[in-house]
Amino acid sequence: MTDRAFEDISENRALYNSLIKKRISLISILFAGLVVLFLFNISIGSSSISIVQILRALFLNQGEGNNVMIVKDVRLPMALMAIAIGAALGIGGCEIQTILRNPIASPYTLGISSAASFGAAVGLILNNSILNLPEALAITGNAFFFTLVVSTAIYIFSLQRQIGKTAIILFGIALNFLFSSLTMILQYIADENQLQSLMFWNFGSLLKTTWTKFFIVFAVLFICMIILFKNAWKLTAMTLDDTKARSIGVDVSKVRRLVILITSLISAVAVSFVGTIGFVGLVAPHIARLTVGEDQRFFMPLSALLGGFILSLAFLLSKLIIPGVILPIGLVTSVIGIPFFMAIIFSKMRCM
Amino acid sequence: MKSSKKLFALVSLVLVIVLALCGCEQEEQTQIPVNEGANEDADKSFAGTYEGSAEGYSGGVPVTVELNEDGSIVNIKVGDNQETDGIGNIAEEKITRSIIDSQSLNVDAVSGATVTGDAIIEAVANALVSAGVGTDSFNYVPAARLEEAVVEINPEAMPEKKEITETIIIRDAKGREVEIGLPISSYAISTMDVIDYIVPLKGEEAFHMLVGSGQDGGHGLNKYAKLYTPIVGNYMEHVGQISDHNAPFDLEMILAMQPDVLIANSAMAAHRYALEIEDQLTQAGIKIVLIDVPGKSLKNSAQDTMTILGQLFQKEERAAEVNEFIDQQYELIASKISKEALIAPTVYYEKSGYADIFGSTATSKSGWGLVVDIAGGKNIADDLLLDTAASGGGGNTLDPEYVLNADPDFIVVSGINDGWLDSVSEKRDCKFDIINRNGWSNLKAVKNNDLYEFAHSTSRSIYAFYPSLKLAAILYPEEFEGINPEAVLDEFFERFTLVDKSISTWFNSLEMCEGAKQ
């Protein structure tokens, strides 16, 4: 569409091109920043390994003691996981906000995080694995199972005719409360140690990342991104109200259903592997929208990039704040996320 | 665009705050290099007064040191400070006197006021350095502070790997069969208290072989460091923190420290966290051994653990010796209270209760309920909670009315004035706010001063026989006449540990904290 004949460049076309250029350069800058954060994340950890050692471990596969394993099997998947999870949450938030046209919607509004939390509680407190997995995978498995339950419930709900966006949000909030209260019942019968473990799970942590887990998250993210990207123009049209969108040929309820399915799948995977990490899904799309607007061709990748960027930054900070100790990443994201969010409220107060 | 400027300003503000917070964490502590300021210029006269100060329990402790010409300490004055009155004042007097008498900074701390004591010593050392005398001739050893006890890892100090001469298969507490090459040269533990089971086997070497430990809610890593560094040397320079309190293990740290074996106790979900990383650890040649104390049976779990560790550390005879001692204590209790004619007194147990906060209790099947059961008490929570699924037969909070109605003969609490390893921190006045609850002043137990507290973590420690014996002696004074639980505890410390029982306040009673009663 953009590469039409160059000879009749009108003033508008020039303006459009410069706008696109600006956006592309913005995305490139952010991408470069993300790469820098990624490199920092590989080189900083609870044990101190020199840069030379890290490079040797990475490229020559040799090093003292367990250094190769530390760099390749611990730090590398964790650093990549931070980016993948951040991107997944960013995209999830961006699309949910788009199709529901609600600025405070995020994957969590639909009850996905509280379902994951309940699944973890079933594993931690009742020592029960719904999918009959071995003990080490029981909690992730349970969390994933219940997030899928919620996703399916929302999808089936949205299949009905004449279901508007408000109804979907209300249904999500109802599910949210349902699972929170179920978790509370479990908490009542839990002992102190179980409570503490559950709390820790809820903080979110990248420490348990393995290559397998990363590849699962990455595969889901990649497939979902492609599907969403194919629908980029339709999604952009969805920012208009339903009637207008329909008038330019977008099947509003079909797109809404598809996107709900995809975003809840993305967030389910993200949340069940690392625990509930707050605010990324809310903040990343807002910043992206402020800088590039609603055009999904840029809005979506930028939300993903920003999500990855914020989570990588939080991960880096979580390793730096207390040397030798890795703080739960959810704590750090909330602490740096809340002021971000407040800033957005202040700057957008007039239009709300 | 205006709005994005505003946004940018706010974001940078946030970043500044975050960075400032990071900065606070790493603020340079004033450390005095031990060998600095040596007396090079012999002709110089040091006569005069010098000032120094150091961080104490609450705020700074300033001192003024008076020196004579040859640099000996003539007088020490401790300035205004906020340290606890009473014990703090005693510490000031005692320590300053012994520094002057011995002309040495290597003096014994006053028990219960180690923090204040160390602060005075550090402040004097400061003053000596500023005087140019230096601390060389005064045998100054900087005390490890609680908050900074976790020191930088020194790769040189790591225990040397020994050659493996045999392999054995150990059956651990979960019935897993673990193949381990012996002798092991280093190990890591899930929380510091596990080392109490290893010290009886290996003595000081237990610390030299330790390369990693998890943190616990009571800052165990720091407390043990504070307690044992003076005895066994700076072992913390080869110990990495491998997990936070009740958190998953830090795989990277374990891999970096390369222990031969990771010993994980069941407390704080460490079993699950350990098994989660089993694959990676096996790949790196690190074995996992699970132990379970207090487990389901308090009477045997410590001994089972000792047996496993005895095999692991090739000290089976020594382990048997410890087990025999512990067995004897439980047999003693059982023999005294087995008589049919005895009517069991009723006991109510509560954890960390205050007047307004109702703590959880425990039935005869879990935690401190096990101790009450062994000591022959009739637990009032059993009737209500033992069979309910909600509590899993374990702990829960009882209806306050039920407790009043049951009017127990004895009340046992834990975790209120917790005295576990309190010799390394400042002792607080003990308080039992719990008796100010509505109606509690009329309870039999409160009227008769029959309210007792034990240090909470002892029930899962190797010393669990002590609260069992002590409580039995309280519940059945006649049967246990002539038996001194403290002496038994002393004997255990004497025979099997590196310290003595003064490390903790094991026991408090309402009578001992008379101030709590109005």
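How many Å separate the centres of domain 2 of chain B and domain 3 of chain B, taken over C-alpha atoms? The answer is 29 Å. Before going on, some bookkeeping: this is a predicted model, where local features need pLDDT of at least 70, side-chain atom pairs count only at pLDDT 80 or more, and totals for chains, interfaces and linings use all residues. Residues are numbered from 1 along each chain as its sequence is written, while chains are lettered from A and ligands numbered from 1 in the order in which they are written.

Chain B splits into domain 1 (48-138), domain 2 (158-314) and domain 3 (337-509), with bounds from an automatic or database domain assignment. Where domains 2 and 3 of chain B meet, 18 residues of domain 2 and 17 residues of domain 3 take part; contact here means C-beta atoms, placed from the backbone, within 7 Å.

Now for the packing. A nonpolar core is a set of buried Ala, Val, Leu, Ile, Met, Phe, Trp, Tyr and Cys residues joined through C-beta atoms within 7 Å, and buried means 20 or more other C-beta atoms within 10 Å of a residue's own. The largest such core has 221 residues, and A:I85, A:A88 and B:I254 have the most contacts inside it. Helix α3 (residues 67-100) of chain A gives this core its largest share, 21 residues; helices are DSSP runs (H or I, at least four residues), numbered from the N terminus.

Take B:I254: leaving aside neighbours within four places in sequence, its contacts include B:A188, B:F249 and B:L281.

How values were computed. A residue is buried if 20 or more other C-beta atoms lie within 10 Å of its own, exposed if 12 or fewer, and partly exposed in between; C-beta atoms are placed from the backbone. Helices (H or I, at least four residues) and strands (E, at least two) are DSSP runs, numbered from the N terminus. Two residues are in contact if their C-beta atoms, placed from the backbone, lie within 7 Å.
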